[in-house]
Amino acid sequence: MSKIILTGDRPTGRLHVGHYVGSLKRRVELQNSGEFDKIFIMIADAQALTDNADNPEKVRENIIEVALDYLSCGLDPEKCTIFIQSMVPELTELSFYYMNLVTVSRLQRNPTVKAEIQMRNFETSIPVGFFTYPISQAADITAFKANCVPVGEDQLPMIEQCREIVRRFNFTYGDTLVEPEAMIPENEVCCRLPGTDGKAKMSKSLGNCIYLSDSEEEVRNKIMSMFTDPNHLKVTDPGCIEGNAVFTYLDAFCRPEHFEKYLPEYPNLDELKAHYQRGGLGDVKVKRFLNAIMQEELAPIRERRAQLEKQIPEIFEMLRKGSEVAQAEAAKTLSEVKASMKINYFDDMELINAMAAKYAEK
Ligand code: TRP
């Protein structure tokens with residue numbers, strides 16, 4: 001069986017380092033592994049509109065931001081198909097048929113939908129489109145027969161719901177769709193990198209994100225003012241590493257070779273943590289270390305972005321071509337889906353002949 005990846009992001013803002021360690025970095029590695037037959041990366045503008053219906057301008061402007069972030073991280077349009085969700089109307093059509101295979105109560109139980117409804121204070125005024133976005137996400141995945149979906153941990157309920165839809169479809173209409181597997185980061189801290197303020201999630205509205213497109217100075221300022229241990233007042237005080245954002249970021253970004261290069265007096269991260277916990281290690285030193293590591297990781301991304309920012313029309317052209325490729329692929333699946341459901345009337349000679357015969361007998 002061929003190995004196919006589909007994944008994507010909502011274009012509601014520039015991508016940040018949480019996206020990077022949670023998914024983007026892995027995608028680039030998977031792309032370069034050469035192990036996959038097809039890779040589809042989708043800018044999910046239609047999904048973004050499910051809770052931004054009154055602000056299409058925001059979605060529109062962020063399409064290119066996300067594309068720039070993708071390319072600057074190393075996604076390569078020669079090796080993967082990058083496309084825009086709304087340019088593939090087959091996805092909407094598939095969603096409509098899948099809607100018959102999912103109950104309202106099942107959607108209400110989806111933990112991600114539940115959490116998002118709370119976060120957005122929708123309560124009793126949930127837009128139907130938003131409520132049903134797990135179904136549209138199942139269409140996104142199945143349209144490409146993707147068996148591998150690299151995502152953050154928060155997306156696991158979406159993949160589970162997609163698998164249920166696939167099983168239900170195949171059981172009802174015959175084997176047609178492929179059941180996908182989620183692929184989440186191996187390093188657990190990468191699943192949910194906290195904001196620079198130590199809050200559980202990075203979010204634009206909280207102003208606690210480090211963006212891939214931030215300048216060197218912005219990154220440094222954000223790191224130097226990061227949340228640590230509020231009780232670690234004097235260098236000699238023992239410090240706490242749990243809930244200390246600087247150490248969480250080190251868990252996500254630090255590799256053994258960084259010590260040799262930037263902090264040779266410590267052999268590894270465990271020793272650095274132990275010293276901090278004992279007391280005698282100041283926040284500034286740890287922050288400077290984190291800054292050195294993150295600047296090293298982000299500098300090439302920033303440099304590529306600066307080049308790419310001069311090629312905006314070419315990037316739109318790349319997205320147009322990618323969307324055409326994606327549409328052709330989704331159209332194939334849609335016609336198989338319709339054949340399985342026996343709603344491909346004009347291709348169905350059996351139906352046409354049977355109906356003709358029925359009336360010929362009269
Ligand atoms: N829900 C994803 C996000 O919020 C975006 C997305 C849409 C997606 N369709 C998808 C991810 C299909 C993986 C597969 O970022």
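1. The structure is a predicted model, in which local features need pLDDT of at least 70 and side-chain atom pairs count only at pLDDT 80 or more, while totals for chains, interfaces and linings use all residues. Residues are numbered from 1 along each chain as its sequence is written, and side-chain values use heavy atoms, with hydrogens and water left out.

2. The protein chain has 16 helices and five strands, where helices (H or I, at least four residues) and strands (E, at least two) are DSSP runs numbered from the N terminus. Its C-alpha trace spans about 100 × 45 × 40 Å along the principal axes. Of the 362 residues of the protein chain, 51% count as buried, a term that means under 20% relative accessible area (1.4 Å probe, protein chains only).

3. Around the ligand there are 14 residues, of which the closest are Arg10, Gln47, Gln137, Asp140 and Gln155; a residue is near a molecule if one of its heavy atoms lies within 4 Å of it. This shell divides into six nonpolar, five polar and three charged residues, with Ala, Val, Leu, Ile, Met, Phe, Trp, Tyr, Cys and Pro counted as nonpolar, Asp, Glu, Lys and Arg as charged, and the others, Gly among them, as polar.

4. A nitrogen atom of the ligand is 2.8 Å from an N or O atom in the side chain of Gln47, a polar side-chain atom of Asp140 lies 2.8 Å from a nitrogen atom of the ligand, and the side chain of Arg10 has an N or O atom 3.2 Å from a ligand oxygen. Taken alone the ligand exposes 370 Å², and the protein buries 91% of that, with areas from the Shrake-Rupley method and a 1.4 Å probe.

5. Strand β1 (4-9) and helix α8 (133-143) each supply at least two residues of the shell around the ligand, and β1 gives the most, with four residues. Five of the six residues of β1 are buried. Six bridges join β1 to strand β2 (residues 38-43), and the two run parallel; strands pair if DSSP finds at least two bridges between them. Met42 in β2 is the bridge partner of Gly8.

6. Thr142 is found in helix α8, and it counts as buried because its relative accessibility is 1%. The side chain of Thr142 reaches the backbone oxygen of Ala138 at 2.7 Å.

Terms used. A polar contact is a pair of N or O atoms within 3.5 Å; within protein, one must be able to donate a hydrogen and the other to accept it, and residues adjacent in sequence count only if both atoms are side-chain atoms. Buried means under 20% relative accessible area, exposed over 50%, partly exposed in between (1.4 Å probe, protein chains only).
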